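Some terms used for protein structures rest on cut-offs. The questions below set values against them.

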Amino acid sequence: MRRPVPDGGRRAADSGSGAGRPAPVLIAGVGARRGVPEAEVLELIGAVLAAAGRPPAALAALATVAAKAAEPGLLGAARRLGVPLRSYPAAALAAVPVPAPSATVRAAAGTPSVAEAAALLAAGPGARLVAGKRASAPDGRPPMATCALAAPTGADTWGSSAITSGTQGATGAPSATADIVLPLPRSAPPRRGPADGGCRRQYARR
């Protein structure tokens with residue numbers, strides 16, 4: 001008798017079978033301002049995945065700075081995507097080499113990078129950026145979220161080269177103090193509305 005598979009396990013098993021596709025490996029590092037809408041985070045992640053030529057099923061986790069671990073927009077996006085949200089202290093992110101550290105971000109968050117550094121740190125030693133930092137593009141107001149994608153060393157990421165070259169991953173193991181916020185179990189798949197799959201399809205057509 002087959003044992004039931006949890007939702008997260010189903011996702012990994014489905015993406016790694018059938019067409020010879022690998023299990024989810026990509027980490028989406030996300031920076032956010034206070035009060036960022038869930039829909040804005042989802043739209044941005046969908047756009048970054050589409051631009052990188054990666055399907056949503058390749059996403060294994062979201063990652064951010066510890067100060068944003070309880071941000072409702074990030075938690076909601078992780079639940080909708082069915083992945084965990086991992087958070088790391090600003091000091092741990094500050095130690096991760098990134099292509100373009102920002103003094104402005106350092107002053108605001110205590111680290112010169114959030115999205116790229118969090119993605120690389122969560123992906124592990126030797127990780128590489130698949131997509132560099134990209135800001136959201138809401139209508140009529142400044143962006144409230146940034147996103148970058150990273151893949152673990154040696155991971156099969158669908159055979160395409162990194163969009164951002166000449167980058168370095170974390171030089172050591174992911175911080176032991178990282179918090180992992182698991183998404184709530186879902187009784188049914190989320191509806192694909194404007195803030196979810198619809199946005200991914202929109203960006204994929206461009």
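**Terms and cut-offs**

Q: How do you know that K68 has no salt bridge, and which side chain of opposite charge is nearest?
A: K68 is buried and has no salt bridge; its nearest side chain of opposite charge, E71, is 4.5 Å away. A salt bridge needs a side-chain nitrogen of Lys or Arg within 4 Å of a carboxyl oxygen of Asp or Glu. Lys and Arg count as positive, Asp and Glu as negative, while His and the chain ends are not counted. Buried means under 20% relative accessible area, exposed over 50%, and partly exposed in between, using a 1.4 Å probe and protein chains only.

This is a predicted model, where local features need pLDDT of at least 70, side-chain atom pairs count only at pLDDT 80 or more, and totals for chains, interfaces and linings use all residues. Residues are numbered from 1 along each chain as its sequence is written, and side-chain values use heavy atoms, leaving out hydrogens and water.

Q: Where is K68?
A: K68 sits in the loop between β2 (59–65) and α3 (72–81). Helices (H or I, at least four residues) and strands (E, at least two) are DSSP runs, numbered from the N terminus.

Q: Why is R86 called partly exposed?
A: Because its relative accessible area is 24%, R86 counts as partly exposed. R86 belongs to strand β3 (residues 85–88).

Q: How do you know that the span of helix α2 agrees with its number of residues?
A: The 14 residues of α2 (residues 38–51) should span 20 Å at 1.5 Å a residue, and the end C-alpha atoms are 20 Å apart, so the values agree. The expected span is 1.5 Å times one less than the number of residues.

Q: Which residue with a positive phi follows α2?
A: G53 follows α2, with phi near 75°.
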